[in-house]
Amino acid sequence: MPKKKKRKGSRSAVNAFDASQLGNWEQDVASLAGMLVHEVKNPLSTLNISSQLLLEELGDPESPRDHRTQRRLETMRSEIQRIEKIVSSFLQLTRPQQMQRDSVDASRLVEDVISRNREAIELEGVNVFFQPMDVPRVAGDASLLHQAVLNLILNGCSAMSEGGEIFLRVLESTYRGSSAVVIEVTDTGVGISEEAIPRIFRPYVSTTEGGTGLGLPTTLRIIRLHGGTILVESEPGQGSRFSIVLPAEGSTQ
Ligand SMILES: Nc1ncnc2c1ncn2[C@@H]1O[C@H](COP(=O)(O)OP(=O)(O)OP(=O)(O)O)[C@@H](O)[C@H]1O
Ligand SMILES: [Mg+2]
C-alpha cells in the first residue's frame, strides 16, 4: 500500500484491534445451523404425514400405474424419514445440553437399557449378556446416560451383521487417580483398525448403511458433560470394547 505523506503536525489515527475480543464465530455458526435445522423439521414432518396419507388413500393398487405410484411414494417416504433422522441427530449434537444431576446407579441403568431394547436387539440375531454389580453411584443425567449406552449397544449390533454377542459389564475402577465407574460394551463384531479409531468420533463418519455418523460424537459429548471419557479397544475381525468412564459420585475431579 503506498504510504501517504504525513502532514507536519497532524496526528495519524492508528486503528488498533485485538482479535481476541471477537466472539467465537464457530459457536454462532453452530447455533444458526441448529436454528435452520429446527425450522426444517416442521415441513419435513408435514411431508412425512402427507406421504403416509397418500399411501393409505392408494390402498391396494391394482393397475401397474398404481403399483409404480405406490413404489415412488414409498421411496419418498423412506427418504423423508432418513432426512428426519439426520436432522434430529444433528439437533441433538448441536443443541446446548441441559444436564440433570441425579444420583444414578449405573448397574440399574444398564439393566433398564437392556430390558427396554432386548427384543429389538435379539431380532438382529444378537445375544446380550449382563451381570448386575454393586458399584458406587454416579452424579448424572439418567436419560442422557441411557442414550449413550444404547448408542454403543446399537453400534455393536451394526458391527455384527451376521449376529453375535454383546457383553455388558459395570465395574468400579480408578481413572487418573480418581474413583470411577466403568460401563463396558463389548461386541464380537468386525472390529476397527488403529487408524480409524480416532476418526469414528468425528461427526458424519459412518460405514453403517442408513447411519448418520452422529451417534459416537453425541455419545462422547454426553460423557464429557459428565466429566468422563470413552476408551476404545478393538481387534479387527474379533470385536471391540467401548468403555464409558464416569467419575464416581463424590470423587474429586
Ligand atoms: N462397535 C463397533 N464396531 C465396529 N465399528 C464401529 C463400532 N462402533 C462404531 N463403529 C464405527 O464408527 C462409525 C461411527 O459410529 P457412529 O455411531 O458415530 O455412527 P453410525 O453408527 O454409523 O450412525 P448412527 O449412530 O447415526 O446410526 C460406524 O459407522 C462404524 O464404522
Ligand atoms: Mg451409531
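**Reading the model**

Tutor: Let us begin with one residue: Tyr204 lies in the loop between α5 (196–199) and α6. Helices (H or I, at least four residues) and strands (E, at least two) are DSSP runs, numbered from the N terminus. This is a predicted model, in which local features need pLDDT of at least 70 and side-chain atom pairs count only at pLDDT 80 or more, while totals for chains, interfaces and linings use all residues. Residues are numbered from 1 along each chain as its sequence is written, and chains are lettered from A and ligands numbered from 1 in the order in which they are written.

Student: Does Tyr204 count as buried or exposed, and why?

Tutor: A residue is buried if 20 or more other C-beta atoms lie within 10 Å of its own, exposed if 12 or fewer, and partly exposed in between, with C-beta atoms placed from the backbone. Tyr204 counts as exposed because it has 12 C-beta neighbours inside 10 Å. Its phi is near 65°, a positive value in a residue other than glycine. Arg176, in the loop between β4 and β5, also has a positive phi, near 45°. Arg176 is exposed, with 9 other C-beta atoms within 10 Å.

Student: How many helices and strands does the protein have?

Tutor: There are six helices and seven strands. Along the sequence they follow the pattern α-α-β-α-β-β-α-β-β-α-α-β-β.

Student: What does the radius of gyration say about the protein?

Tutor: This radius is taken over C-alpha atoms, and the globule rule is 2.2 Å times the number of residues to the power 0.38. For 253 residues a compact globule would have a value near 18 Å, but the protein has 25 Å. Its C-alpha atoms fill a box of roughly 90 × 65 × 35 Å along the principal axes. Of the 253 residues, 22% count as buried.

Student: Which domains are assigned?

Tutor: Domain bounds come from an automatic or database domain assignment. Here the assignment gives domain 1 (25–94) and domain 2 (102–247). Their C-alpha centres lie 29 Å apart. Two residues are in contact if their C-beta atoms, placed from the backbone, lie within 7 Å; six residues of domain 1 are in contact with six residues of domain 2.

Student: Which residues have the most contacts inside the largest nonpolar core?

Tutor: In soluble globular proteins, nonpolar side chains tend to be buried together. A nonpolar core is a set of buried Ala, Val, Leu, Ile, Met, Phe, Trp, Tyr and Cys residues joined through C-beta atoms within 7 Å. The largest one has 28 residues, and Ala106, Val110, Ala148, Val149 and Val185 have the most contacts inside it. Helix α4 supplies the largest share of this core, seven residues. Setting aside neighbours within four places in sequence, Val110 is in contact with Phe130, Val149, Leu168, Val170 and Ile183.

Student: Which residues come nearest to ligand 1?

Tutor: A residue is near a molecule if its C-beta atom, placed from the backbone, lies within 6 Å of it. Of the 22 residues around ligand 1, Ala159, Ser206, Gly211, Gly215 and Leu216 come nearest. The elements giving two or more residues to this shell are α4 and α6, and α4 gives the most, with four residues.
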